[in-house]
Amino acid sequence: MHRYLGRGRCGGHITLLFTVSDESDDPVCQGSLGAGLCVDHGVEVVAYGEDGEFGLTVTFESMEGDLELYEAVLNAIAEEVPEILDISWGISVTISLPPAQGFGVSASGAVASAIAFQRAVGLPYEESMRRAYSIAHRVERLRSTGLGDVTALAAGGVERRLEVGSPYHGSNLRNGPGRAEGWSLGTPVVLAWRKGSGKHTSIYIDNAEWKKAISEAGSRQMKTLSQGVWGADRWGDLIDSAGAFSRDSGLFEDSSRNELVTLATAAVASAGVEGLEVMLCMLGESVAIVPLNPSEGSGWIEGVITELDRVGLEGLETKVGELS
């Protein structure tokens with residue numbers, strides 16, 4: 001009996017500003033314009049199988065995840081790679097970011113699992129990567145768990161999303177219609193969040209009033225961010241636009257996010273560290289704390305995390321991920 005084994009890993013994604021573009025009936029053409037950070041922490045999936053009846057067993061190693069997400073990914077792959085229908089599958093999922101906090105965990109899990117299944121059956125690297133992003137985008141849209149996370153992850157680093165839609169599509173896995181670009185200096189990041197669960201993304205993106213407010217605010221900021229060359233010298237522009245978006249969209253005042261920013265800012269001050277910025281993560285109840293200089297080292301992190309704990313917030317050290 002033949003046995004199969006493959007591994008996939010994908011970092012998380014933090015949206016700092018965005019639009020909601022889901023007017024098309026085709027999930028491939030849905031998504032968002034915007035900008036954010038792809039981070040090193042995320043989801044790792046090991047897929048294993050043997051010849052037998054098609055099905056999936058999921059084991060969560062670190063924290064509980066969304067079983068239906070991984071079933072949806074496997075079923076979507078089966079439509080394009082029929083040979084996996086003759087395999088009884090199991091996956092081991094290790095999640096290193098809390099779900100429902102604006103860290104793109106569902107997108108990360110969808111991409112990582114799609115990579116793992118395909119590597120287990122020996123598909124070529126480039127083909128499997130493109131299909132992973134294509135399938136993950138469609139699964140995310142059909143489940144209303146994300147808009148532009150997958151397109152952002154396909155770029156990596158500090159990303160801006162310039163065209164709406166899936167990064168790859170069709171039987172030939174061509175580029176687009178979604179388009180994003182990124183840069184990375186491996187900038188250190190501290191993620192902080194309230195203990196307990198956040199709100200599901202669909203609460204906002206499926207609500208007409210929120211969609212209008214978010215999209216108008218995001219479009220205003222992207223008029224500036226979409227211009228010129230995208231590189232490290234735009235870090236300050238991104239920080240400024242993220243702050244303006246959080247206020248103009250109304251998200252700063254929703255779910256007591258202003259209180260969250262106040263707590264995190266106080267923790268930074270108590271740590272005696274200057275030159276840091278606290279930015280809201282969309283759409284969780286969380287923040288990303290970053291240096292104003294993207295080339296800054298990580299010596300400030302330990303003290304900040306200690307103070308975050310003192311004010312009742314969870315804190316995690318990560319960094320901006322590499323380009324995909």
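A residue is called buried when its relative accessible area is under 20%, exposed when it is over 50%, and partly exposed in between, with a 1.4 Å probe and protein chains only. By that criterion, buried residues account for 55% of the 324 residues in the protein. The structure is a predicted model, in which local features need a pLDDT of at least 70 and side-chain atom pairs count only at pLDDT 80 or more, whereas totals for chains, interfaces and linings use all residues. Residues are numbered from 1 along each chain as its sequence is written, and side-chain values use heavy atoms, with hydrogens and water left out.

**Overall form**

- The protein has 9 helices and 12 strands, where helices (H or I, at least four residues) and strands (E, at least two) are DSSP runs numbered from the N terminus.
- The radius of gyration of the protein is 19 Å, which agrees with the value near 20 Å that a compact globule of 324 residues would have; the radius is taken over C-alpha atoms, and the globule rule is 2.2 Å times the number of residues to the power 0.38.
- Along its principal axes, the C-alpha trace spans about 60 × 40 × 35 Å.
- Of the contacts (heavy atoms within 4.5 Å) between residues at least 6 apart in sequence, 77% join residues at least 24 apart.

**Surface and charge**

- The accessible surface of the protein is about 13200 Å², and 47% of it belongs to carbon and sulfur atoms; such areas come from the Shrake-Rupley method with a 1.4 Å probe.
- The protein carries 25 positive and 45 negative charges, whose mean positions lie 4 Å apart; Lys and Arg count as positive and Asp and Glu as negative, while His and the chain ends are not counted, and each charge is placed at NZ of Lys, CZ of Arg, CG of Asp or CD of Glu.

**Backbone exceptions**

- Most residues other than glycine have a negative phi, and most peptide bonds are trans.
- A cis peptide bond with omega of about 10° joins Gly 176 and Pro 177, and Pro 177 is placed in the loop between β7 (174–175) and β8 (179–183).
- The peptide bond from Met 282 to Leu 283 is also cis, with omega near 15°, and Leu 283 lies in the loop between β10 (276–280) and β11 (286–291).
- Ala 100, although not a glycine, has a positive phi of about 60°; Ala 100 is in the loop between β4 (87–95) and α2 (105–120), and counts as partly exposed because its relative accessibility is 39%.
- Leu 173, likewise not a glycine, has a positive phi of about 50°; Leu 173 belongs to the loop between β6 (168–169) and β7, and counts as buried because its relative accessibility is 5%.

**Helix α9**

- In helix α9 (residues 301–310), the buried residues are Ile 301, Val 304, Glu 307 and Leu 308; seen down the axis of α9, these residues fall within an arc of 130°, so they line one face of the helix, the arc being that of the directions from the helix axis to the C-beta atoms.
- The buried residues of α9 pack against β9 (188–194), α8 (257–270), β10, β11 and β12 (313–319), while Glu 302, Asp 309 and Arg 310 are exposed on the other side of α9.

**Surroundings of Thr 15**

- Thr 15 is found in strand β1 (residues 3–18) and is buried, with a relative accessible area of 7%.
- Leaving aside residues up to four places away in sequence, Thr 15 touches Ala 35, Gly 36, Gly 102, Asp 149, Arg 161, Leu 280, Cys 281 and Met 282.
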